[in-house]
Amino acid sequence: MTDVVGIGAIAGRTAWSDWSGLTDGRHAVALWIILHATFDIGLYVGYLRLLGLFIDHGHRTDQRTAAAQRMPARLAQWFVKSRLRPGRLLRSLLWLEITETLLLWVGGLCVYHGAVSAWYPWLVVVVAVAKWVVGGLLILAIALDRKLRAVLGQAVLRAARALKVQRLSFAVVVVLAAFSLVPGRNIWDQLPDVQRSWFAGGASGVVHLLLALVAAGIVGGYLFVLGRQRTERIWTVQVWRPAHRDLESTEVSRATDPEPGTWVWGGWIVTAVVPVAVAVVLAWRKVPGIIDWSLVIVAFGAPALVVLLSLVASLVAKLRGRPLWWEPKLQVERPRTFARDVWATGDILATCVVVFAGLGLVRSLLAPILLGPKDRWGLWFLELAAAAIGGVMAFGAVPWATRFCAWLDLSTRSGSEWIPANDAGRSAFGTKVRKFLSPKDQDSRKRAAFVIVLIAVGWLAVLLVFPLAIAPAVGVVATTGLTLGSWAFLLGFLIVRLQRYKPLPIFRVLRLKATPLLTLLLLFLLYQSHAGGDPDLHQARVSGTDALLGGSARVDLEQSFKQWLDDPAAACTHTANGHVVRPMVLVAASGGGVRAAAWTAGVMDKLRASQPGTSGTAACLHQVFLSSGVSGGSIGLAIARNEPNALEATTKIADEHSLAAAIAGLLVGDMVASASGLRVPSYANMPADSEQPTWHWRDRAGLMETYWESRIPSLARPYDSETTGPGGALLMNSADASSGCRVLVSQVDLATDLAAGSDTASCSGLINQPPASLDLQALYGTCQHRITWATAAMLSARFPTVTPGGRIEKCMNHQDLQLIDGGYADASGLGSLSDIAPQLLEVVRRHNAEVKDDGPFVVPVVLFLEDEARTDIVHPPHGLSTELFVPLAGLHAKDVQASSGTWLQRLATSIDEPCPSTEPDACRAAVWAVHSAVPNGVVIATPVTQPSVEAPLGWTLSQDSINRLTSALDEQATKCPTVRPGGYACLNELLNLLKPAH
C-alpha cells in the first residue's frame with residue numbers, strides 16, 4: 001500500500017493489475033485494502049486534528065498582515081496572493097484524504113471481483129500525488145509563517161530541554177517503542193511474534209502475558225519515581241536556589257548542595273574494593289576460568305583513582321590554606337514553566353511504557369485475528385480479548401495518568417517543600433498518594449526510593465545467577481522491560497543522589513558542577529572493551545572432555561564421495577525418462593534464525609519421508625551428498641542429523657525461552673562480566689549423564705546453547721566427522737569479524753592440492769582452501785577442544801548483538817578469531833557450494849568415466865532452501881535514472897552480483913557438465929533426462945507468498961508462524977506453485993525424481 005498511495009505512487013500503479021489477476025488469495029487482498037483504508041481514517045483524522053489545534057493556537061492574527069513581514073518576501077507574497085494559507089491547505093488535505101479512502105474502498109471491491117479498469121490506477125495516482133503535494137505546501141506554509149515558526153520552535157526547544165533532563169527514561173521508552181511499534185519485517189517483527197506465541201493454547205503463554213502487563217506497570221513506576229526525583233532536583237537548583245539571592249551564596253549552596261558526606265566517599269571506596277574482594281575469594285576457592293584480572297584491576301583502579309586524586313587535592317588545599325577548586329556560581333534562574341516541563345515529561349514517559357505495551361498488543365494480534373483460520377474460535381476469542389486489553393491500556397492510560405498527576409502540582413513552593421496548589425484529588429486515596437509521593441514527607445520518599453533500589457538490585461542479582469530458570473519463566477517481554485527499567489532506575493537514582501551533594505574535590509578542580517557519573521561509566525565501559533575483551537569471555541564452549549577438535553579424523557572430498565557411493569542408504573538408483581541415474585543432491589540452507597532452522601528441518605523430513613524402503617524399513621536416506629548451511633540453516637541441518645522428526649524437534653527450541661535466557665545474559669551477565677572482569681557462574685539443571693557442569697560461566701550464546709541441549713539431547717553430543725542423517729556431510733559457514741574471512745566448520749576436509757601459500761590464518765594468503773575461507777579444524781584443531789553440535793552450529797549463527805562473536809584463541813602463529821554469523825559473508829550458503837563445485841565435479845567426472853553405458857551415472861542437483869517468502873515475487877526493473885543520480889542508482893549492482901539468484905546461475909553452470917570428455921553420449925543423455933525433470937539441475941524450496949503475517953527473523957516463533965511454515969512445506973511437497981523463482985524446479989519435482997526405481 002505504501003507503493004500504491006505513497007510519494008512514489010506513479011511507480012506502484014501496476015499493483016492493481018497484479019492484485020486483480022491473482023487466482024488464490026485475491027479476496028483476502030481485497031479485504032486488506034479495505035481494512036487499510038478504514039484504519040487510515042483514524043490516522044489522518046488524528047494528525048489533521050493536531051495540526052488544526054497547532055495552527056489555531058499559533059496563528060490567530062490576520063494572515064495578510066503577518067505575511068507581509070515574512071522572509072523571503074516574494075515567496076510569502078505569492079502564498080498570500082495564491083490564498084495558500086495553512087488553514088485552507090489543511091482543509092484541502094482533509095478532502096484529499098477522504099477521496100483517497102473512498103477510492104481505496106472502491107478499488108478493494110474491484111479487486112474482489114477481479115475487474116480493475118485501466119484508468120482506475122491513474123485516478124488513484126492523481127489523488128495520491130495531489131495529497132503529497134498539498135502536504136508539502138502545508139509544511140512550506142507553516143515554515144514561512146513567522147508566528148507558527150515561533151510557536152513550533154519554542155515547543156521543540158522546551159521538549160528538547162526537558163528530554164535532556166529525563167534522558168535515561170527517554171532511552172528506555174525509545175528502545176521499548178522501537179521493538180513494539182516500528183512496522184517492518186524480519187527482526188522488527190520478532191517481539192510481536194513473541195506476543196503471538198502467548199496464545200498457543202498453553203498456560204505458560206497466559207502467564208507470560210500477565211507478567212508482561214505487570215512488568216509494564218512496574219517499569220512505568222520506576223520511571224515515574226525517577227522522573228519526580230529529577231524534577232525536584234531541577235526545581236531546587238534552577239528555580240528555588242537562584243530565586244533566593246537575597247541570602248548569602250554560601251547559605252544557599254549549603255542548603256541545597258552540602259559537602260560530600262561519608263556515604264559519598266564510602267561509595268567510591270566500596271565500588272573500588274568489591275570487585276577485588278570478590279575476585280580474591282573466588283581465587284581462594286580455586287574457581288577456574290571466571291576471573292579476568294586485567295579487567296578487575298581496572299575496575300578497582302578507576303574509582304580508586306578518583307578517591308586518591310580527591311584526597312591529594314584536599315591535602316594540597318589544606319597545606320595552602322585555601323581550596324584549589326572552583327565554586328560554581330548560582331545558575332541563572334529558570335522559570336517555573338521549565339520545572340513543569342520536566343515534571344510533565346517524566347510523567348508522560350512513565351505513561352508511555354503502559355501506552356506502548358497496549359499498542360504493541362494491538363499491533364501483534366490484529367492481523368492474526370483477521371487472518372486466522374475460522375476453526376479456532378476459542379483461540380480467536382482469547383486473542384481478541386487480549387487486543388481489547390491492549391486498546392484499553394493504550395487509550396485509558398493517558399487520562400488516568402493525567403488525573404493521577406493532577407494530585408501533585410508544582411505551581412507553588414515554599415523553601416524546599418512541595419505545596420499542592422489545586423484542590424484536585426481530595427479523596428482519601430488521593431490524599432494518601434499525595435502524601436506518599438510529595439517531598440513534604442521526605443522520610444516516606446526516601447524509604448520508597450530505597451525499596452525500589454532493593455527490588456531492582458534483587459531482580460538483577462537473581463537474573464545474574466539463575467538466568468536459565470528465571471528468564472524463561474518470566475518471558476522475553478517482561479525480562480527485557482524489567483531489566484532495562486532496573487538499570488535505568490539504579491543509574492538515575494545514583495545520579496540524582498550524587499547531585500544533591502557537591503562533587504568530590506577532583507571534579508571541582510576540573511570546574512564541574514556535578515559528578516559526571518554517566519560520562520565516567522560510558523568511558524569505563526568503552527575502555528574495558530577496547531581490545532575485544534578477554535578471549536575467555538565469549539570463547540566457544542567445549543564439550544566437557546579434554547579431547548581436541550582435531551582428534552576427529554576427516555576425509556577429503558574424493559574419499560567422502562567414495563564413501564557416499566558405497567553407503568547402502570545412498571546406493572539407490574532412480575529412473576528419469578528411461579535412464580537410470582544416481583542424483584547427488586547438494587543442499588544450501590540459507591540463514592534466518594529459527595525460522596530458517598524450522599524450514600531446513602522440515603525439508604529434511606520431506607526428503608527422509610519420500611524414500612520408504614520396500615520392506616517397511618527406511619532406505620535411500622542419504623541421497624544428499626553435502627549440505628552447506630548458514631545461521632539458522634546450520635542449526636536445522638545439525639538437528640536433522642540425529643532427529644527422525646527434525647521439524648518437531650526444532651519447534652521445541654522455537655519458543656521464547658531460549659531468547660529470554662539470551663536477553664538475560666546480554667543485559668546482566670555479559671554486561672557485569674565485561675565491566676568488572678568477574679564472570680559469575682550461572683545455574684543450569686543439567687541431566688545426570690551430561691558432561692556439562694551445573695554451575696558454570698555461560699555467556700548469552702552459551703545460555704542459548706545450553707537450553708537447546710536440554711530440549712534436544714542430540715545437540716549435546718560432541719561434534720564429529722561421522723556423516724549421518726538426510727543432510728549428508730555438513731558444511732557450516734561462519735565468518736571472522738576482524739578479517740572478513742569465511743570460516744568453515746566442515747565434516748569434510750576441503751583442502752586442495754595447491755600449496756598453502758601462507759602459514760598464517762589469513763584467507764588472503766591461504767590458497768589451499770576454498771576462496772577467502774579458513775577451515776576451523778585444519779588450523780585450530782590442535783589447540784581447540786571439542787565442541788558440542790549446538791556450539792558448532794551456533795558458530796555459524798552468532799548474529800550480534802543477540803549473541804556475541806565466538807572467540808577461538810590464538811593457536812601457534814594463527815590469529816585470534818572472533819566468529820560471527822555466516823550471513824555477513826553469504827546469507828544463502830550457495831557461495832561455499834559454488835567454490836567447491838569445480839573440485840567436486842572433477843571427482844564426479846572421473847567416476848562417470850568408469851560407468852558403463854547402462855549407468856547409473858551420478859548427476860549433481862542443487863537444492864536451495866530459502867526460508868523467506870516473497871522470493872517468488874518478480875519486481876519490474878527500475879526505469880532510467882537522471883544523470884545526477886546515476887552514481888547512487890548504481891550502488892545496488894554489487895548486491896545483485898552477490899544475490900542468491902546470481903549464485904544459483906553460477907552453480908547451474910558449474911554442475912552442468914558432470915560427464916567426461918570421452919564417450920559422453922550415454923552420460924549426457926542421463927544428465928539431459930535429469931534436467932528435463934529438474935530444469936538446469938537446480939531446485940528451490942521456498943514458501944509461497946500469501947496474505948499472512950510473515951514468520952520473523954529471530955530466535956523464536958509463534959505457533960501461527962510454525963503452522964504457516966508447516967503448511968508451506970506440505971504445499972511444496974505435493975505440488976509446484978504457479979510462479980517459480982527463476983523458473984527453477986520446486987521441491988515436489990525433486991521428490992518425484994528421487995523416488996526409488998522399481
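Of the 998 residues in the protein chain of this predicted model, 50% count as buried, where buried means under 20% relative accessible area, exposed means over 50%, and partly exposed lies in between (1.4 Å probe, protein chains only). The chain holds 37 helices and 16 strands; helices (H or I, at least four residues) and strands (E, at least two) are DSSP runs numbered from the N terminus. Among the contacts with a separation of 6 or more, 78% join residues 24 or more positions apart, and contact means heavy atoms within 4.5 Å.

Residues are numbered from 1 along each chain as its sequence is written, and side-chain values use heavy atoms, with hydrogens and water left out. Because the model is predicted, local features need pLDDT of at least 70 and side-chain atom pairs count only at pLDDT 80 or more, while totals for chains, interfaces and linings use all residues.

**Nonpolar cores**

A nonpolar core is a set of buried Ala, Val, Leu, Ile, Met, Phe, Trp, Tyr and Cys residues joined through side-chain atoms within 4.5 Å. The largest such core has 148 residues, and the members that touch the most others are Val603, Ile635, Trp708, Leu776, Leu863 and Leu865. Not counting residues up to four places away in sequence, Leu863 touches Val585, Leu586, Val587, Ala588, Val603, Leu607, Val939, Ala941, Leu987 and Leu990. A second, separate core of 32 residues includes Trp564, Ala837, Leu907 and Ile940.

**Helix pairs**

Axes are lines fitted to C-alpha atoms, for helices over the stretch in contact, and angles run from 0 to 180 degrees between N-to-C directions.

| Helix pair | Angle | Axes |
|---|---|---|
| α23 (residues 557-566) and α31 (residues 830-848) | about 50 degrees | 10 Å apart |
| α13 (residues 262-284) and α14 (residues 293-320) | roughly 155 degrees | within 9 Å |
| α20 (residues 476-499) and α27 (residues 657-676) | roughly 15 degrees | within 8 Å |

Angles under 35 degrees count as roughly parallel, over 145 as roughly antiparallel, 65 to 115 as roughly perpendicular and the rest as oblique. At about 50 degrees, α23 is therefore oblique to α31. The helix α23 passes α31 in a right-handed crossing; a crossing is right-handed if the near helix is turned clockwise from the far one by less than a right angle, and left-handed if anticlockwise. On the α23 side, Leu557, Glu558, Phe561 and Leu565 meet Ile836, Gln839, Leu840, Val843, Val844, Arg846 and His847 of α31. By class, this contact of α23 with α31 has seven nonpolar, two polar and two charged residues. In this classification, Ala, Val, Leu, Ile, Met, Phe, Trp, Tyr, Cys and Pro count as nonpolar, Asp, Glu, Lys and Arg as charged, and the others, Gly among them, as polar.

The angle of roughly 155 degrees between α13 and α14 makes α13 roughly antiparallel to α14. Their crossing is left-handed. Residues of α13 in the contact include Trp265, Trp268, Ile269 and Thr271, and those of α14 include Trp293, Val296, Ala299 and Phe300. The contact of α13 with α14 divides into 19 nonpolar, two polar and no charged residues.

The helices α20 and α27 are roughly parallel to each other, and their crossing is left-handed. In α20, Val476, Thr479, Thr480, Thr483, Leu484 and Trp487 meet Leu659, Ala660, Ile663, Ala664, Leu667, Val668 and Met671 of α27.

**Loop residues**

The loop between α31 and β15 (857-865) contains Lys852, which is exposed, with a relative accessible area of 65%. The C-alpha atoms of Lys852 and Ala922 are separated by 8.5 Å, although the two residues are 70 residues apart along the chain. Pro856 is also found in the loop between α31 and β15 and counts as partly exposed at 25% relative accessibility. Its C-alpha atom is separated by 8.3 Å from that of Ala926, 70 residues apart along the chain. Leaving aside neighbours within four places in sequence, Pro856 is in contact with Thr573, Val580, Val581, Arg582 and Val851.

Most residues other than glycine have a negative phi. Arg511, in the loop between α21 (505-509) and α22 (517-528), has a positive phi near 65 degrees and is exposed at 53% relative accessible area. Ala772, in the loop between β11 (748-749) and β12 (773-775), has a positive phi near 55 degrees and counts as partly exposed at 45% relative accessibility.
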